[in-house]
Amino acid sequence: MADTRRRVKLYVLNDERQWDDRGTGHVSSSYVERLNGMSLLVRAESDGSILLESKIEPDTAYQKQQETLIVWSENETCDLALSFQEKAGCDEIWQKICEVQGKDPSVDITQDIVEESEDERFDEMPDAAPPIELPTCELSRLEEISELFSSVLPSPIKREKLAQAIESGNYVKRLLELFHICEDLENLEGLHHLYEIFKDIFLLNKNSLLEMMFSEDSINAMLGVLEYDPSLAAPYRHREYLSSKSRFKEVIPITNRELLNKIHQTYRVQYIQDTILPTPSVFEENMLSSLTSFIFFNKIEIVTMIQDDEKFLPQLFAQLVDDNTDDEKRLDLVLFLKEFCLFAQTCQNRDAFFKMLSALGVLPSLGYILQNMEEPVIRQSATDILAYIVEFNPTLVREFILDQRKQQTEDDMLLMNVLIEQMICDTDEDLGGAIQLMNLVRILLDPENMMGSLSLKTEKTEFLNFFYKHSIHVLTAPLLANTATLNPSKDDYQTAHLLSIIMDLLTFCVEHHTYHAKNHIIGKDLLRRILALLKSQHAFLNLCAVRCMRRIITLKDDFYYRYIVKGKLFEPLVTAFLSNGSKYNLLNSAILDLFEFIRTEDIKLLIVHIMEEHGSAFKKVNYVKTFQGLHTKYEQLKDRETNKPDIDGLRQPSSFQNSRYRRDARALDEEEEMWFDQEDEPEAPPVAEPAVIFTDGVVMPLEKEEEPILEEPKEMDKENFDNSNTTNGRPVSPAKCVQVESEATTLSPVLTSKTIPTPTTTTTSAEVKSSSLTRKGGLVDYPDEDSDEDEDDDLPVSKRPRLAT
C-alpha cells in the first residue's frame with residue numbers, strides 16, 4: 001500500500017482563476033530521462049496512470065503554503081498546486097525541490113518571478129540585496145513605515161525580503177497593537193497610515209502573512225484596520241456588521257472546535273475579499289492569488305471535516321423532514337445545506353460528494369420541502385440545492401425517480417411531478433422559479449445526458465416510458481384546461497407566460513422524444529389545443545404555438561402529416577395569418593417560414609391539402625413568392641396525375657383521390673385480386689393491327705412487325721422453368737404471366753411462384769397466329785415501374801397479348 005504521506009490532490013488554475021481538481025494520487029521525485037532531470041511524478045491511486053510529470057526547473061518559483069500545499073507555475077498560462085494529506089509528505093517533497101534548486105528548505109518560496117529588465121535583474125541579485133531593516137513600530141514612525149512598504153512593492157526580490165522581515169519580527173501583531181492605541185486616541189491620521197500599510201501587506205501575496213493576519217486573535221483587529229480607508233468620508237463599520245447583523249447559527253451543534261474556527265475564519269476572509277479589498281484590475285489579477293487560494297483550501301477543509309463527522313449530516317436530514325421542526329429552524333437547516341453544497345462545488349470529487357448526500361436522503365428531503373413548505377425562501381433554497389445535483393449528475397436524480405415508481409409511490413408524490421407542480425403553481429409575477437424548474441425538468445428529459453450510468457443501460461427507455469405514463473398529463477393540464485373551448489379561457493400575462501414555459505418544454509419533447517411525443521400528441525389531439533393559443537392576445541404565446549407546429553412538420557413524419565390533414569389543423573394557422581394582415585412582425589415571419597419549408601421540402605400531402613382547402617385565401621398574398629410556389633407545385637402534381645396513361649379507359653387511381661403518391665404492397669395485392677376476379681370478356685374477332693409484345697410491363701413493337709409465336713410446350717424440370725421465366729435475361733414477376741386464349745385450345749392456368757405449367761394440348765404456330773388476342777380488365781401497376789411508364793407515355797397503346805411460358 002502506498003505511503004499516505006505522499007498522498008496528494010492535483011489542482012490546475014483555470015481561466016476563471018478557479019482551481020480545478022485533476023485527481024488524487026501519490027507523488028514522488030525521481031530522475032526522468034525523457035525530461036533530462038529530476039521531476040515530480042503524480043500517479044493516480046485508482047489506476048496508476050500518470051496525472052503529472054513536471055521537471056523541477058532551476059528557475060521555477062515554488063511556493064509552500066499552509067504547511068500542506070506546494071504551488072508553482074509550469075509556464076505563463078499553467079498554475080499547478082499539490083495538496084498533501086499529511087504535513088510530513090509536503091515537507092519531504094519540499095526538501096527535494098529545494099535540493100534540486102540549491103535552496104534552504106526553511107524558505108516558503110524558492111525563486112522570485114522577476115519581470116524587470118536584464119539590467120535591473122543583475123542589480124537586484126539576492127547577494128546584492130541586503131535584508132530590509134524595518135523601522136521601530138511606533139506611532140511617530142507610521143508614515144515612514146507606510147512609505148517603505150509602498151517603495152518595496154515594484155521589486156519582487158525586495159517584496160520577498162520585506163515579507164521575511166515582517167514574518168521574523170512578528171511585525172503584524174505589533175502593528176495591530178498600534179491600531180488599538182490609535183483608535184483609542186482617535187488618531188485618524190495614524191489609522192489611515194495603518195490602512196495603507198496593511199493593504200500593501202496583502203499585495204505582498206504571502207500565504208504565511210495571511211495566516212498571521214487571519215488568526216483567531218488578530219482577524220477582528222484586521223477588520224478594524226480596514227474600516228479606515230482614507231478615500232472614504234466616514235469609516236465603514238465592518239466589525240459591527242459581522243458581530244450584530246451577520247450572526248452565526250449552529251443549526252446542528254458543532255462539537256469540533258477546529259471546524260468551528262475554520263468556518264468563522266473563512267466567512268470573514270471571504271467578506272474581506274468580496275467587500276473590502278478592491279477588485280484587482282486585469283494587470284493585477286495575480287496580486288491576490290494567495291488570498292483566493294487561502295479561501296479555496298479552507299472550504300475544502302470545511303467540507304472534508306463535515307463529511308468525516310458521522311453524526312452531523314444524518315441529524316440534519318432527520319430534522320429537515322421532521323414534522324415537529326418549526327419553519328425558522330427548517331429555514332436555517334436548508335440555508336446551511338445550500339451553503340454546504342456551494343462549498344462542495346470546489347471539491348475535487350463532487351460525484352462522490354453528491355452520491356453521499358443521496359445516500360443520506362437529500363432527494364426525498366428536498367421533495368418533502370417543495371411539496372409541504374409555504375415559505376418562498378425555503379422552497380427557493382431547496383430548488384437551488386436540487387439544481388446543483390441535477391446539473392452535475394442528472395442520472396442520480398432519474399434513478400431516484402424510477403426507484404420511487406418501483407416502490408409504488410403515488411403519482412403526486414413523485415419528485416418529477418412535484419417539480420412540475422411547483423413550476424405550474426409559482427406565484428412570482430415574473431415566474432423566475434418556474435423558469436428555473438423548467439430548466440431542471442428539461443435537463444432530466446434530455447436524452448443527450450442519459451446513458452451516463454453503465455449499470456442502467458436502459459435509462460433512456462425506462463425514464464421516457466415513465467414520464468409519458470405518469471407525468472406528461474401533469475405538464476399539459478394547464479394547457480388543456482385553458483383551451484377546453486378552443487379559445488383561451490384565461491388570457492392574462494402571468495397565465496400566458498406560464499403556458500409559454502409549458503410550450504417550450506413540449507416543443508423540446510417533440511424534437512427529442514419523437515416516438516413518445518408523437519403518440520401522445522396524436523392520441524390526445526394535443527396539437528389542436530396548442531394551435532388554439534394562436535387566438536391569444538399575447539404575441540409571444542402565438543409564436544410558441546407556431547414554433548411547436550414548425551418543429552412537428554420539420555420531423556417529416558407521415559403520421560403527423562396525416563393527422564394534420566385529417567384534423568384540418570392548418571385552419572387556425574391560416575386564420576391567424578390572415579388576421580395578422582399586412583403587419584410585418586415575428587408572427588408573420590414565423591408562419592411564412594413554415595409554409596416556405598413545406599414548399600422547399602416538397603411535402604406533397606401538405607401542399608395538396610393547403611391548396612385545396614386554403615388556396616383561395618392566399619391568392620392575393622403576392623408580397624412573397626411562397627404561395628405562388630405552392631400553387632405551382634400543386635398544379636404540377638395535378639397535371640402529373642391527369643397525364644398518366646389511360647389504358648382501355650381504365651385510369652390508374654389518382655394520388656389526389658387516395659392521397660397516395662407511392663403505392664404500398666397492400667394496394668397492389670387488392671388490385672391484383674380484382675383483376676383476376678373479373679369475368680373474361682367475350683372473344684373479339686381478329687383485328688389486323690401491328691402485333692406488340694409486353695415485356696416486363698413495357699410496350700415494345702415487334703421487329704419487322706412479326707406477330708408473337710408461341711412455341712410448342714416442352715417437358716421441363718424446375719431448373720429449366722426457373723431459367724425460362726425471364727425476359728431478356730431479367731426475371732419476370734409471376735403476376736405478369738397471363739393466359740393466352742386460343743379458339744381451339746386452352747393453355748395452363750396463370751403461373752405462380754409455386755406452380756409449374758403443364759400443357760393440356762399441343763398447339764401449332766398457325767393456330768396461335770389465327771387466335772384472337774384478348775385481355776382482361778387492366779394492367780397491374782408496380783411501384784418499381786413508374787420510371788418505365790413515364791418513358792413510354794408517347795408509345796401507341798395497343799391490346800396486350802396474353803403470353804404463357
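Which residues in α13 meet which residues in α16? In this predicted model, the α13 side of the contact consists of Asp-327, Leu-331, Val-334, Leu-335, Leu-337, Lys-338, Cys-341 and Leu-342. Facing them in α16 are Val-377, Ile-378, Ser-381, Ala-382, Asp-384, Ile-385 and Tyr-388. By type, the residues of this contact divide into eleven nonpolar, one polar and three charged.

Two packed helices are described by the angle between their axes and the distance between the axes. For α13 (residues 327–344) and α16 (residues 376–392), the angle is about 25° and the axes are 9 Å apart. Angles under 35 degrees count as roughly parallel, so α13 is roughly parallel to α16. The crossing of α13 past α16 is left-handed.

The next residue lies in a loop. His-513 sits between α22 (493–512) and α23. With a relative accessible area of 2%, His-513 is buried, because buried means under 20%. Apart from neighbours within four places in sequence, His-513 is in contact with Leu-445, Pro-447, Leu-464, Tyr-468 and Lys-518.

Helix α23 spans 514–523, and the loop between it and α24 (526–531) holds Asp-525. Most residues other than glycine have a negative phi. Asp-525 is not a glycine, yet its phi is positive, about 50°. Its relative accessible area is 27%, which makes Asp-525 partly exposed.

Asp-602 also has a positive phi, near 55°, and is a residue other than glycine. Asp-602 is found in the loop between α28 (586–600) and α29 (604–614). The relative accessible area of Asp-602 is 29%, so this residue is partly exposed.

Note on methods
Residues are numbered from 1 along each chain as its sequence is written. This is a predicted model: local features need pLDDT of at least 70, side-chain atom pairs count only at pLDDT 80 or more; totals for chains, interfaces and linings use all residues. Side-chain values use heavy atoms; hydrogens and water are left out. Helices (H or I, at least four residues) and strands (E, at least two) are DSSP runs, numbered from the N terminus. Buried means under 20% relative accessible area, exposed over 50%, partly exposed in between (1.4 Å probe, protein chains only). Contact means heavy atoms within 4.5 Å. Axes are lines fitted to C-alpha atoms, for helices over the stretch in contact, and angles run from 0 to 180 degrees between N-to-C directions. Angles under 35 degrees count as roughly parallel, over 145 as roughly antiparallel, 65 to 115 as roughly perpendicular and the rest as oblique. A crossing is left-handed if the near helix is turned anticlockwise from the far one by less than a right angle, and right-handed if clockwise. Ala, Val, Leu, Ile, Met, Phe, Trp, Tyr, Cys and Pro count as nonpolar, Asp, Glu, Lys and Arg as charged, and the others, Gly among them, as polar.
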